[in-house]
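Please read the following report with the sequence and the three-dimensional model side by side. It moves from the sheet to the helices, then to the aromatic rings and the backbone.

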Amino acid sequence: MSLGIKEHPDAEVQKNRVLTLDDWQDKWVTRHIAFHQEQGHQLLKKHFDTFLKGQSGLRVFFPLCGKAIEMKWFADRGHTVVGVEISEIGIREFFAEQNLSYTEEPLTEIAGAKVFKIKRNNLSLPSLWSRANIGKFDRIWDRGALVAVNPGDRDRYADIILSLLRKGYHYLLVVLSYDPTKHTGPPFYVPDAELKKLFGTKCNMQCLEEVDALEERHKTWGVDYFFEKLYLLTEK
């Protein structure tokens, strides 16, 4: 379904906005985590079968996963899930809220990083990562990662994501559309033109759905419209 959302002419207004890792850690400490969706993401639920294409035993990646309950959806279906999150608070809350026992061990390649795994070993959450230590993936679900990455880091982020994809991949991506002159982000406004620049040369891009996602909390930012756009990116 298309809502005919127009690109905002001031798409560059957020380009110098920078949040540090400490800023993100503080959001968990101070409980500014309205980005977390306790019931999971409805667009993923709706397009789940399109995303999986009936395949089993997939490796599924959740970049900047927080405590997304959707990780358990995939793990319960037998897929191998890796989620990366810098906040150990978010990781520990995920396991506690999903009533999952887990092990915790240092990630030797990165000083200070840890990896948390459930006992049945098909779901792991490193607190930091490198391309070398997490391998490649059949599926990526990106609901809050690209829109959280500092705009100046998007090229590097896209390069990393593309390097993690296996042949025949499906990369399901949510981007947001609102007036960026009224909210500094995050989450950041990502226009279609930028998506094409980041991924268009390597991926086929299909907009599966656009939905009006305006909530009261968005109005407190000063915005009067807020849309989610769901894209499916596949191999060219």
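The report below describes selected features of this model.

The model is a predicted one, in which local features need pLDDT of at least 70 and side-chain atom pairs count only at pLDDT 80 or more, while totals for chains, interfaces and linings use all residues. Residues are numbered from 1 along each chain as its sequence is written, and side-chain values use heavy atoms, with hydrogens and water left out.

## The sheet and a helix packed on it

Helices (H or I, at least four residues) and strands (E, at least two) are DSSP runs numbered from the N terminus. Nine strands make up an open sheet with mixed pairing, in the order S3-S4-S5-S2-S1-S6-S7-S9-S8, where two strands pair if DSSP finds at least two bridges between them. S3 and S8 are the edge strands, each of which pairs on one side only, and from one strand to the next the twist averages 15 degrees. Strands of a sheet pair through backbone hydrogen bonds, either parallel or antiparallel. Strand S1 (residues 59–62) and strand S2 (residues 80–83) run parallel and are joined by four bridges, and Arg59 has Thr80 as its bridge partner in S2. Helix H7 (residues 154–163) packs on the sheet, where it touches S1, strand S6 (137–142), S7 and S8; contact here means heavy atoms within 4.5 Å. The direction of H7 makes about 145 degrees with that of S7, the axes being lines fitted to C-alpha atoms, for helices over the stretch in contact, with angles that run from 0 to 180 degrees between N-to-C directions.

Residues are called buried under 20% relative accessible area, exposed over 50% and partly exposed in between (1.4 Å probe, protein chains only). In H5 the buried residues are Gly90, Ile91, Glu93, Phe94 and Phe95, and their cover includes H1, H4, S3, strand S4 (114–118) and strand S5 (123–126). At the start of H5, a side-chain oxygen of Ser87 comes to within 3.2 Å of the backbone nitrogen of Ile89. H5 is followed by Asn99, which has a positive phi near 55 degrees.

## Aromatic rings

Rings of Phe, Tyr and Trp (its six-membered ring) pair if their centres lie within 6.5 Å, and planes under 30 degrees apart count as stacked, over 60 as edge-to-face and the rest as tilted. By this rule the whole structure holds 15 aromatic pairs. One of them joins Phe48 and Phe74, whose ring centres are 4.8 Å apart and whose planes stand at 35 degrees, so this pair is tilted. Because Phe48 belongs to helix H3 (residues 48–52) and Phe74 to helix H4 (residues 70–76), the pair ties together parts that are 26 residues apart in sequence. Phe48 is buried at a relative accessible area of 7%, and Phe74 is also buried, at 0%. Phe48, Phe51, Phe62, Trp73 and Phe74 together form one aromatic cluster.

A charge sits over a ring if NZ of Lys or CZ of Arg is within 6 Å of the ring centre and within 35 degrees of the ring normal. The charged end of Arg139 sits over the ring of Phe51, 6.0 Å from its centre, and Lys27 lies over the face of Trp24, at 5.5 Å from the ring centre.

Most residues other than glycine have a negative phi, and most peptide bonds are trans. The table gathers the exceptions described here.

| Site | Feature | Value |
|---|---|---|
| Arg31 | positive phi | about 65 degrees |
| Asn99 | positive phi | near 55 degrees |
| Gly185 to Pro186 | cis peptide bond | omega near 0 degrees |
| Pro186 to Pro187 | cis peptide bond | omega near -5 degrees |

Arg31 lies in the loop between helix H1 (21–29) and helix H2 (42–46) and is partly exposed, with a relative accessible area of 40%. Asn99 is placed in the loop between helix H5 (88–97) and strand S3 (102–106), and at 71% relative accessibility it counts as exposed. Pro186 is in the loop between strand S7 (165–177) and helix H8 (192–199), and Pro187 is found in the loop between S7 and H8 as well.

## Lys202

Lys202 has its place in the loop between H8 and strand S8 (203–212) and counts as exposed at 53% relative accessibility. Leaving aside neighbours within four places in sequence, Lys202 is in contact with Leu162, Tyr169, Thr234, Glu235 and Lys236. Lys202 and Glu235 are 33 residues apart in sequence, with a C-alpha to C-alpha distance of 6.9 Å.

Terms used. A polar contact is a pair of N or O atoms within 3.5 Å; within protein, one must be able to donate a hydrogen and the other to accept it, and residues adjacent in sequence count only if both atoms are side-chain atoms.
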